[in-house]
Amino acid sequence: MTGVPEAPLERTENGLQAAGEGWYVLNARDAVWGESETMGVFTRLGENKAARFSQVGFNIGVLWPGQPACMYHREPNQENFLIVSGECLLLVEGQERPLRTWDFFHCPPDTDHVFVATGTEPCVAIAVGARLSRDVVYPASELARRYGAGVETDTPDPEVAYAGMAVEDTAYKDGWLPDF
């Protein structure tokens with residue numbers, strides 16, 4: 001026995017989140033979600049400012065057709081993405097790649113990338129990434145700007161990249177995640 005404690009989960013008005021370090025079990029539908037008018041919804045599955053995962057991040061994102069997941073960016077961490085429902089367009093290193101359900105994208109460190117939902121149904125993606133560094137660069141990209149996912153000039157500042165794009169905590173709403 002290692003003695004790793006169970007992390008307490010606290011209920012907020014928007015769902016459950018970890019209230020400390022340790023292991024826990026949490027259903028995605030019970031977690032706190034973030035919602036943006038322009039970039040869909042997502043959950044970090046209990047992770048919050050007080051209890052951040054130190055080594056690996058794990059998110060579920062839901063995008064409606066035409067919505068980008070974030071701003072076109074690169075970071076010095078490896079990331080991996082699995083499309084579990086719907087379709088999207090991957091913008092990667094200046095190229096466009098269509099992705100559909102069960103497509104996997106391996107993203108090595110320092111790879112410019114972003115997803116934009118396409119098709120007629122929501123796109124649901126699982127994102128897993130290392131947490132070696134919090135440094136991010138948002139490079140200027142005409143391709144990304146065409147999809148509402150790009151900055152005008154390079155910046156390392158997320159406040160500049162996401163100016164005017166608010167994300168509000170919210171509770172899960174029925175229908176965001178598919179029932180398999």
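Reader: Leaving aside its neighbours within four places in sequence, which residues is Cys88 in contact with?

Author: With those neighbours left aside, Cys88 is in contact with Ile83, Arg97, Pro98, Leu99, Phe115, Val116, Ala117, Thr118 and Cys123, where contact means heavy atoms within 4.5 Å. This is a predicted model, in which local features need pLDDT of at least 70 and side-chain atom pairs count only at pLDDT 80 or more, while totals for chains, interfaces and linings use all residues. Residues are numbered from 1 along each chain as its sequence is written, and side-chain values use heavy atoms, with hydrogens and water left out.

Reader: Which residues touch the most other members of the largest nonpolar core?

Author: Of its 14 residues, those are Phe81, Ile83, Cys88, Leu90, Leu99, Phe105 and Phe115. A nonpolar core is a set of buried Ala, Val, Leu, Ile, Met, Phe, Trp, Tyr and Cys residues joined through side-chain atoms within 4.5 Å, and buried means under 20% relative accessible area, exposed over 50%, partly exposed in between (1.4 Å probe, protein chains only). E6, E7, E9, strand E10 (113-118) and E11 each supply at least two residues of this core, strands being DSSP runs of E with at least two residues, numbered from the N terminus. A second, separate core of 11 residues includes Ala28, Leu45, Tyr172 and Trp176.

Reader: And what is the bridge partner of Cys88 in E8?

Author: The partner there is Leu99; strand E7 (residues 87-92) and strand E8 (residues 95-100) run antiparallel and are joined by 6 bridges, and two strands pair if DSSP finds at least two bridges between them. Their hairpin has 2 residues between the strands, and Glu93 in this hairpin takes a positive phi near 50°.

Reader: Switching to the open sheet, in what order do its 7 strands come?

Author: The order is E9-E6-E11-E5-E4-E3-E12, with antiparallel pairing, and the edge strands, each pairing on one side only, are E9 (104-107) and E12 (168-171). Within this sheet, strand E6 (residues 79-85) is joined to strand E11 (residues 123-130) by 6 bridges, and Ile83 stands opposite Ala125 in E11.

Reader: What about Asn48, is it buried or exposed?

Author: Asn48 is buried, with a relative accessible area of 12%, and it is found in the loop between strand E4 (40-43) and strand E5 (56-63). A polar atom of its side chain lies 2.5 Å from the backbone oxygen of Ala18, and the backbone oxygen of Gly46 lies 3.5 Å from a polar atom of the Asn48 side chain.

Notes
Helices (H or I, at least four residues) and strands (E, at least two) are DSSP runs, numbered from the N terminus. A polar contact is a pair of N or O atoms within 3.5 Å; within protein, one must be able to donate a hydrogen and the other to accept it, and residues adjacent in sequence count only if both atoms are side-chain atoms.
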